[in-house]
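This report is written for a reader who is new to the study of protein interfaces. Please examine the sequence and the structure shown below before reading on.

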Protein chains: 4
Amino acid sequence: MSKHYDVGIVGGGIIGQSIAYQLAKEGISVLVLDRHKGGSGATSAAAGMLGANSELEQNDAFFQFAKESQRQYHLLQDELSNFSQIHIQLVDKGMYKVALSQEEAIALKNAVQHHETLEWHTRETVLNHEPSVSSEIEGALHIPEDGHVSPKHVCEAFTKSASLLGATFIENAPVQSIKKASVNDYILSTPQGDFTCNKVVIANGVWSGYFFKQLGLPNRMKPVKGECLAVKSNTLHLEKTIFYDHCYIVPKGDGRFVVGATMVEDDWSTTPSLGGIHALIEKVSPLVPGISSAQLISTWAGLRPQSEDGKPYIGVHPEDDNILFATGHYRNGILLAPKTGTMIRDFILKKKIDENYVRAFSVTRNLAQSNEVIV
Amino acid sequence: MSKHYDVGIVGGGIIGQSIAYQLAKEGISVLVLDRHKGGSGATSAAAGMLGANSELEQNDAFFQFAKESQRQYHLLQDELSNFSQIHIQLVDKGMYKVALSQEEAIALKNAVQHHETLEWHTRETVLNHEPSVSSEIEGALHIPEDGHVSPKHVCEAFTKSASLLGATFIENAPVQSIKKASVNDYILSTPQGDFTCNKVVIANGVWSGYFFKQLGLPNRMKPVKGECLAVKSNTLHLEKTIFYDHCYIVPKGDGRFVVGATMVEDDWSTTPSLGGIHALIEKVSPLVPGISSAQLISTWAGLRPQSEDGKPYIGVHPEDDNILFATGHYRNGILLAPKTGTMIRDFILKKKIDENYVRAFSVTRNLAQSNEVIV
Amino acid sequence: MSKHYDVGIVGGGIIGQSIAYQLAKEGISVLVLDRHKGGSGATSAAAGMLGANSELEQNDAFFQFAKESQRQYHLLQDELSNFSQIHIQLVDKGMYKVALSQEEAIALKNAVQHHETLEWHTRETVLNHEPSVSSEIEGALHIPEDGHVSPKHVCEAFTKSASLLGATFIENAPVQSIKKASVNDYILSTPQGDFTCNKVVIANGVWSGYFFKQLGLPNRMKPVKGECLAVKSNTLHLEKTIFYDHCYIVPKGDGRFVVGATMVEDDWSTTPSLGGIHALIEKVSPLVPGISSAQLISTWAGLRPQSEDGKPYIGVHPEDDNILFATGHYRNGILLAPKTGTMIRDFILKKKIDENYVRAFSVTRNLAQSNEVIV
Amino acid sequence: MSKHYDVGIVGGGIIGQSIAYQLAKEGISVLVLDRHKGGSGATSAAAGMLGANSELEQNDAFFQFAKESQRQYHLLQDELSNFSQIHIQLVDKGMYKVALSQEEAIALKNAVQHHETLEWHTRETVLNHEPSVSSEIEGALHIPEDGHVSPKHVCEAFTKSASLLGATFIENAPVQSIKKASVNDYILSTPQGDFTCNKVVIANGVWSGYFFKQLGLPNRMKPVKGECLAVKSNTLHLEKTIFYDHCYIVPKGDGRFVVGATMVEDDWSTTPSLGGIHALIEKVSPLVPGISSAQLISTWAGLRPQSEDGKPYIGVHPEDDNILFATGHYRNGILLAPKTGTMIRDFILKKKIDENYVRAFSVTRNLAQSNEVIV
């Protein structure tokens with residue numbers, strides 16, 4: 001029979017491994033089970049933007065949570081490198097969220113008032129800093145804090161650090177069912193056999209929908225497929241990420257520009273379609289005209305896990321606080337991974353957690369009221 | 001709600017797709033669900049040898065079944081190409097099963113007596129036909145019928161042909177549980193939602209162990225990991241597959257030589273280890289010395305699904321003949337795929353099936369008596 | 001000092017290797033030098049269409065030569081497989097050259113009169129045979145003989161067959177200069193050292209421009225870069241190649257659809273640009289609308305070698321018949337490789353060659369008169 | 001006609017691009033021509049060790065030059081990131097050069113006396129720091145300064161920085177010949193056409209042998225092929241590079257362990273052979289036994305350019321100081337690239353250069369006396 005673990009985590013992507021890392025640091029025995037290879041799902045499809053300001057527009061608990069998570073990366077960078085020797089490739093040069101019309105410019109200028117670090121840059125200022133950007137823009141919101149990391153390397157660094165701290169990580173172990181055997185004793189059944197643990201964390205992104213249902217909860221998880229591509233060029237230079245209408249060009253620290261992403265609802269395929277790549281090229285080419293001459297080096301796709309209101313579920317099962325959820329991170333999985341890791345750790349260690357966060361990400365939050373348009 | 005299907009097949013590898021193809025040809029509505037991408041498991045890891053004679057040593061029902069399946073490929077080649085335009089790359093130039101010692105030579109010479117197409121070739125004859133083979137051999141058993149196909153292309157040809165004939169194939173749809181809703185109504189639950197069907201075929205190789213258990217059966221499925229590599233060379237020529245002690249060098253029709261395979265028990269990882277590749281090189285280099293100078297182009301690994309007695313389960317659930325199994329093909333999945341497809345089709349269509357085959361592959365065969373050594 | 005060879009061939013692509021194969025079969029000692037890896041240039045970038053009728057519109061010597069070469073593939077298929085065990089993946093199901101406008105339809109209908117195997121198919125007939133083609137077409141010219149091969153496998157089959165027949169093939173051996181040492185003695189200088197031979201064949205495609213100049217000839221060689229992509233789909237089916245305005249969708253025998261190609265003049269880069277792939281998608285999507293849903297699996301680019309009049313140079317140096325040229329095959333290198341191989345062989349063996357071919361492909365043909373528009 | 005350049009550089013690997021970068025920073029117009037793709041030769045095959053102390057054993061000019069170059073990387077790291085946004089992945093955690101026998105231990109202990117930063121570590125100390133190292137070792141020389149970089153990223157960062165500073169880089173432009181047209185006017189002939197410049201730098205590694213000869217010099221350049229592999233593991237941890245008898249295991253900052261390298265003389269092929277990889281595995285497995293369980297992820301090969309005495313040529317042509325050489329860096333191209341760049345820059349700007357370096361790397365140094373054994 002397998003060893004018994006304090007905590008069993010379903011899902012070895014960046015969320016699950018961030019949790020595993022935080023728990024292993026506390027000396028908790030932890031098991032991570034991944035259906036396939038760790039980080040091979042939404043994690044490695046992501047561009048890695050830390051877009052707290054660019055993605056989130058209201059100054060609410062979600063925004064505060066995102067900002068804290070963004071800041072955590074600055075500590076994690078060295079911490080993870082010390083444990084694992086893996087560099088997470090944090091780049092911290094900011095972002096331009098551009099406006100192509102007067103209307104868009106007005107909307108972005110409004111944002112400046114609510115967030116002190118943001119600045120409105122005129123067309124001239126933008127072109128001064130980023131001469132490759134189209135002169136057709138009206139201007140851009142400058143967001144100095146929104147950098148980016150390499151999601152693959154963050155996930156590998158969490159995984160290896162957790163492993164060296166004692167966590168167990170098993171690949172090719174899809175969890176078929178989660179069953180309560182007795183008080184404080186859960187059985188995770190997989191084709192590799194059964195594993196037992198005191199607490200379970202469900203952290204397998206879009207695949208977690210099944211477990212909400214199996215565990216008696218009405219929450220749903222929908223895939224929003226995103227198609228991406230990467231280009232290279234010796235003559236195109238960007239310092240900052242260029243962002244417009246959910247699409248972006250991210251100048252990565254390895255010389256690639258990562259361009260994303262389409263938004264295809266209810267499509268579970270994980271390969272890019274010809275039409276999707278076509279649409280993506282049409283969307284971003286006008287932002288940085290020189291990108292047409294860049295060399296196309298790869299294309300890929302992944303599935304963002306979208307909850308009913310577009311916010312993650314980070315919290316306990318309403319009837320059993322030994323079952324925790326950390327899923328539904330939608331477009332923000334990379335950004336939110338660090339803080340999700342520490343918040344789940346705090347749930348497990350019964351530490352104090354900011355009530356605003358508990359409410360905001362509660363599995364039982366009043367979803368009916370959350371009638372935001374999800375974009 | 002999803003469409004209802006006559007038959008739901010769990011697993012989109014070569015076995016599941018062979019079944020889907022045979023059913024779709026009969027006008028049966030069929031759904032194939034794969035946990036990941038079709039054919040991405042053991043199918044694409046296989047070398048594609050059609051080793052009826054080289055792998056099986058007794059002239060029993062299993063052997064007859066294998067021979068029939070081997071012959072089916074000759075018809076399938078054109079049939080699948082007509083439907084799908086995909087060539088399965090059948091090569092039909094035979095195999096040498098070599099002996100390095102006097103003892104091995106004697107054992108192989110015995111085999112000649114039982115199978116009329118087999119011949120013992122002396123060292124001189126072998127070197128005459130295959131000058132690249134080591135002159136250290138004692139001789140070899142010549143097996144003219146044991147050719148090979150490209151497993152990836154067979155699986156894709158089955159998939160596309162079935163699809164064009166009306167079958168539905170859904171990727172990224174791991175079946176979490178199989179439940180009976182009512183008579184003739186099964187629910188296959190997946191993160192993508194529930195699918196219903198009249199009959200279920202479990203054809204997901206090593207991953208099927210979970211469903212035997214879930215469906216109340218004691219049968220087990222163990223992985224035997226196999227690591228492989230491929231080389232290329234403009235100067236090395238082989239006409240026939242060279243086989244020795246479960247290892248082989250297969251001269252594929254695309255110019256590669258596929259070399260396999262290690263046998264690692266109870267290892268669920270699907271990546272080759274450095275030590276595994278090391279062992280494989282040591283094993284095959286003495287057979288064809290010139291292979292050391294060939295260019296190493298790739299390495300990979302896969303999981304063979306091994307039943308208790310090493311033979312597949314092809315048949316119905318003892319208490320419910322709407323649940324069928326087609327799994328446990330171990331080292332012979334590619335070889336047995338065609339005949340497995342037609343046999344499962346015949347079960348579903350209630351056609352007459354050779355009783356010897358029904359018994360040999362029965363889910364409830366007396367495994368205790370089958371005390372063969374599994375190799 | 002290196003061994004002396006009868007014939008030294010500069011360039012190990014499909015043209016050079018076809019020549020090497022024909023010479024080696026005659027027992028001639030032959031050396032092939034490639035600047036990089038054999039077949040890694042235009043050869044492996046090509047889609048492999050054998051478009052004698054679709055590419056060439058006049059019933060002239062060039063057309064006759066192309067038809068002969070096309071037919072040679074039917075013999076080469078078995079011949080090369082016997083020598084090398086490599087299948088060239090000849091598919092022989094014809095092509096539709098579609099008309100989108102009335103004007104285009106009239107032009108294509110005219111072609112029917114000159115070539116007896118061609119037929120005009122109305123929209124209805126086309127959609128009957130190929131339901132995936134857009135219903136917006138006017139109709140299509142049916143060209144039954146224009147099939148396709150896998151260029152990479154043809155080149156590898158030539159290479160391996162030649163090698164097993166005694167030819168020497170050296171990679172990473174860029175020829176820096178060709179010098180006459182004495183009568184019947186040429187020195188090919190490379191960073192690997194000097195090689196000597198009685199006759200030299202220059203067969204390195206777009207890279208051959210330098211040698212025309214070095215050897216005192218005015219002929220030029222311009223690159224016309226072509227960008228391509230490949231998609232896969234289980235539900236999209238095409239029997240025939242669909243061709244329109246130099247672009248095509250080729251249903252390959254391995255299940256891929258190869259889509260090509262852009263025409264970028266004077267661009268020596270061998271990687272696809274984002275803009276090039278964009279243009280290609282826009283061009284072919286209207287022909288087969290369902291292709292937008294297909295999975296994009298790869299993109300690449302290559303350099304077609306274009307002479308002044310778009311026809312190849314196959315013949316001897318005007319002042320020295322020990323120097324031969326076999327280059328400038330432009331869009332038709334795969335199609336013309338077999339016949340180029342036998343024609344160069346015949347030059348070297350002093351066999352009789354059709355005077356029309358000698359004139360048509362002469363290095364000194366009156367290029368001033370060849371004022372055809374090159375497309 | 002092409003633009004005229006101050007300096008034309010033959011070869012776009014790490015050496016050529018380092019020079020281009022230093023010249024472009026000084027406002028000099030520079031052209032880099034690469035035969036294929038920049039950095040695709042020995043550069044990207046290298047493991048990137050900065051092994052000044054581990055590779056070089058005498059405290060001579062060569063050693064001093066290497067130490068200076070090693071230190072330059074610490075400045076280049078930020079400088080190149082500022083220009084190009086590309087991180088060179090400098091890791092600076094030192095190296096263990098291990099002894100397996102008493103004799104080897106004595107030899108390494110001697111080295112401590114000559115270099116103050118070196119320390120002898122006993123078996124216990126080594127295992128304390130690096131528990132994955134075999135307990136069969138006698139001890140190891142600890143070399144704190146010998147870190148590593150990512151050669152591919154260094155080369156790309158040089159290339160992009162130079163390009164953004166005004167340098168021109170042309171790929172697929174093999175230089176066929178170098179000719180003097182007039183005083184201060186050289187013609188570099190390529191298939192893409194002729195390029196002219198005032199000065200020429202020959203920096204194309206093993207391919208430079210041809211130009212020594214063309215330019216009347218007796219120097220030779222031999223390839224020493226090196227085969228490498230990379231593995232991954234979540235449980236294997238190394239802080240430092242482990243080095244033994246020209247082989248090494250380098251824990252890269254991206255989580256891979258790069259293992260190299262074989263030494264195959266006079267082999268110009270750039271693909272790993274099966275036998276070469278076999279030998280490499282046998283060599284390094286005893287050093288870190290746990291590596292056998294690591295996942296093999298890739299294998300590759302490259303050609304080290306070896307001069308007669310194993311030291312680079314960095315200097316001017318004896319009869320024409322407008323022709324410079326920067327080649328023959330053998331096992332140390334990555335280590336020496338920064339200092340080679342500044343030294344060639346100083347030659348061109350007529351700045352003062354340390355006479356010891358001029359002599360040590362002179363093209364005309366008395367090679368007859370340099371009867372060192374090259375290892």
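The model is predicted: local features need pLDDT of at least 70, side-chain atom pairs count only at pLDDT 80 or more, and totals for chains, interfaces and linings use all residues. Residues are numbered from 1 along each chain as its sequence is written, chains are lettered from A and ligands numbered from 1 in the order in which they are written, and side-chain values use heavy atoms, with hydrogens and water left out.

**The interface of chain B and chain A**

In this interface, 21 residues of chain B are in contact with 21 residues of chain A, where contact means heavy atoms within 4.5 Å. About 1,900 Å² is buried between the two chains, 47% of it on carbon and sulfur atoms; buried area is the accessible area (1.4 Å probe) that two parts lose on being put together, summed over both. On the side of chain B, the residues that lose the most area to chain A are B:Q176, B:Y210 and B:W268, which together account for 30% of what that side buries.

The polar links can be described next. There are 12 residue pairs in polar contact across this interface, both residues at pLDDT 80 or more. A polar contact is a pair of N or O atoms within 3.5 Å; within protein, one must be able to donate a hydrogen and the other to accept it, and residues adjacent in sequence count only if both atoms are side-chain atoms. Helices (H or I, at least four residues) and strands (E, at least two) are DSSP runs, numbered from the N terminus. The largest share of this side, 3 residues, comes from α8(B).

How are chain B and chain A related? A rotation of 180 degrees with 0.0 Å of shift along its axis superposes chain B on chain A, with an RMSD of 0.0 Å; the superposition is by least squares on the C-alpha atoms of residues with pLDDT of at least 70 in both copies. That is the relation of a two-fold axis. In chain B, the C-alpha nearest the axis belongs to B:Q176, at 2.4 Å. Because 100% of the interface residues of chain B are also interface residues in chain A, the copies meet through the same surface.

**The interface of chain C and chain B**

Here, 33 residues from chain C and 33 residues from chain B take part in the contact. The two chains bury about 2,300 Å² between them, 39% of it on carbon and sulfur atoms. C:Q85, C:K160 and C:N234 supply 30% of the area that chain C buries against chain B, more than any other three residues.

This interface has 16 residue pairs in polar contact, both residues at pLDDT 80 or more. On the side of chain C, α4 (61-84) and α7 (151-164) each supply at least two residues, and the largest share, 7 residues, comes from α7(C).

**Salt bridges**

A salt bridge is a side-chain nitrogen of Lys or Arg within 4 Å of a carboxyl oxygen of Asp or Glu. The rule finds 2 across the interface of chain B and chain A and 2 across that of chain C and chain B. The table gives one from each interface.

| Salt bridge | Closest N and O atoms |
|---|---|
| B:D194 with A:K213 | 2.9 Å apart |
| B:E156 with C:K232 | 2.6 Å apart |

**A residue of chain D**

D:S81 lies in helix α4 (residues 61-84) of chain D. D:S81 is buried, with a relative accessible area of 11%; buried means under 20%, exposed over 50%, and partly exposed in between (1.4 Å probe, protein chains only). Leaving aside neighbours within four places in sequence, D:S81 is in contact with A:K93, D:L76, D:I86 and D:H87.
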